[in-house]
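Subject: the two-chain model

Hi,

Here is the structure I promised to pass on. Have a look at it first, and then read my notes below.

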Amino acid sequence: MMAAVAATIPPFERFYAEHRDEVLRLLRRRLGATAAEDAFQETFLRALHAYGRLQHGEHLRAWVLTIAGRIAIDMLRRERPRGELPELADEDDRPAYEELADLTDELPPTERAAVVLRYGYDLPYDQIAAALGSNEAAARQAASSGVRRLRRRVR
Amino acid sequence: MSVPADLDRRFRDAAVAAGLLDAGYDVVDSPVGPLLVAATDEGIVRISYDADLDAELDRLARIAGPRVLRAPRRVDEARRQLDEYFEGRREGFELTVDLRGTAPFAERVLRELALVPYGHTTTYGALAAQAGVPQAARAVGTVMNRNPIPIVLPCHRVIGASGGLVGYGGGLERKERLLRLEGALLA
C-alpha cells in the first residue's frame, strides 16, 4: 500500500524537467525577467523542501504553479508595501489579465481598462493614467469604482 | 522559451548547498564511456555504464527517496577521483559507499571485494571463501554482475580460476581495459 502510493510520486528531476519552463514563464509575466530568476529558485527550492512529504503525485503542476504564484505575490508585496494586490488564483496557464478580462466584460470601458491594468498587469497608477490619457487620481478613481461595481455584482 | 542554462545550474547547486536531496547524480565522462554517478549523504550509491536514465531515476527514488536531481556538484569529489584513477594517478578511492538496496549477502561480498587491491586479481571462489561462503562461487559471480558501484567496488578484479576474464556487467571489453590500466594484465 505504502509502496504503491509512493511510486506515483516521480523522481524530482522528472517533475522539475516537466514544469520548469512553465514556472519561469509565469514568473516572468508577473515579475519581469530579473526578479523572475530569484522567484524561480525560491519556487523549486520550496517544492523540493516539501517534496519528500507529499502523499501522492497528483496535481503536481497545479501545486508548483500555486507555489510560484504565492512567491510572486509575496515579492510584489515586498516591493510595494502599500499595494493592495489581490490573491489571484493562477493554477492554470492563463495570464491574470485574461482571467480578469472575463470578469470585467460588463464594466464601463474606462473602469474596465483601469481594473485590468492595475490588477492584471500590476501597472502603477501613473502608468495607467498615461495609458488612459488621464491623470493619476482619475485612474485610481476608475479602478476603485470598477472594483466596487464588481463586488456588487458578485453579491 | 526555456530555462537558461545558468539559472538551471544555480538551482541545482542551491539544492545541493541546502542539503535538500535524497540523491544527486551526474553523467561523468570516462575512457570507458559516460558513467552515471549518484550519491546520497551516506556516499556513492550508484555507478552505471550505458545508463537507462529513467530506470536509474526510478531505482534511486525507490531506494533513497523521491528527491533525486541531476546535481553535478553533488558528485564533484567522485568525478575528481575517477578522473585521477583513469589517468593512472590514483590507486584507491577515498569515497564512502551507500549499499542500501543491496541484500545482506551481496553487501557482505561487496565489502570483501572492496579489499582487493589495485593491480591485483582474485577469483570468484577465493572471494566466496573470504566472505565465509566457500561453496558460493557462483552466487558471488551473480553479485559481481549486479554490483551497483562498479570501478569503485572493483568487480573487474575478480576473474575465473583458470585465468579467464569470465564476465563483466559492463562488458568484457571494459573489464580488460580496467585491468590493463591497473597493470594487472600484461598480455
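So, how much area do chain A and chain B bury between them, and what share of it is on carbon and sulfur atoms? About 2100 Å², with 64% of it on carbon and sulfur atoms. Before you go further, bear in mind that this is a predicted model.

The contact draws on 21 residues of chain A and 23 residues of chain B. On the chain A side, three residues stand out: Glu13(A), Gln41(A) and Leu48(A) provide 26% of the area that chain A buries against chain B, more than any other three residues.

Chain A first. Of the 155 residues in chain A, 41% are buried. Counting contacts in chain A with a separation of 6 or more, 62% are between residues 24 or more positions apart. The chain exposes about 8700 Å², and carbon and sulfur atoms supply 52% of that.

Now the sheet in chain B. Four strands make an open sheet there, in the order 3-2-1-4 and with mixed pairing. Its edges are strand 3 (44-49) and strand 4 (68-70) of chain B, each of which pairs on one side only. From one strand to the next the twist averages 20 degrees. Helix 2 of chain A packs on this sheet, where it touches strand 1 (23-28) and strand 4 of chain B. The direction of that helix makes about 60 degrees with the direction of strand 4 of chain B.

Going through the pairings:

- Strand 2 (residues 35-39) and strand 3 of chain B are antiparallel, over 5 bridges. Here Ala38(B) stands opposite Arg46(B) of strand 3.
- Strand 1 and strand 2 of chain B are also antiparallel, over 5 bridges. Tyr25(B) has Ala38(B) as its bridge partner in strand 2.
- Strand 1 and strand 4 of chain B are parallel, over 3 bridges. In strand 4, the bridge partner of Tyr25(B) is Arg70(B).

If you follow Tyr25(B) across, then, you meet Ala38(B) in strand 2 and Arg70(B) in strand 4. Strand 1 of chain B is mostly covered, with 5 of its 6 residues buried. The hairpin of strand 1 and strand 2 of chain B has 6 residues between the strands, and among them Gly33(B) takes a positive phi near 100 degrees.

Last, the aromatics. How many aromatic pairs are there over all chains? The count comes to 16. One of them is Phe12(A) with Phe11(B), a tilted pair at 6.4 Å centre to centre and 40 degrees between the planes. This pair crosses between the chains, from helix 2 (residues 12-31) of chain A to helix 1 (residues 5-17) of chain B. Are these two residues buried or exposed? Both Phe12(A) and Phe11(B) are buried.

The two rings also belong to one aromatic cluster, together with Phe15(A), Tyr16(A), Phe40(A), Phe44(A), Tyr51(A) and Trp63(A). When you open the file, I'd begin with helix 2 of chain A: Phe12(A) in that helix pairs with Phe11(B), and the helix packs on the chain B sheet.

Cheers

Note on methods
Residues numbered from 1 in each chain as written. Chains lettered and ligands numbered in written order. Predicted model: local features only at pLDDT ≥ 70, side-chain atom pairs only at ≥ 80, totals over all residues. Heavy atoms only, no water. Phe/Tyr/Trp six-rings, centres within 6.5 Å; stacked < 30°, edge-to-face > 60°. Helix = DSSP H or I, 4+ residues; strand = E, 2+ residues; numbered from the N terminus. Buried < 20%, exposed > 50% of the residue type's maximum accessible area, 1.4 Å probe, protein only. Pairing = 2+ DSSP bridges. Axes fitted to C-alpha atoms, helices over the stretch in contact; angles between N-to-C directions. Contact = heavy atoms within 4.5 Å. Areas by Shrake-Rupley, 256 points an atom, 1.4 Å probe, with all protein chains shown as cover. Buried area = accessible area lost by both parts, 1.4 Å probe.
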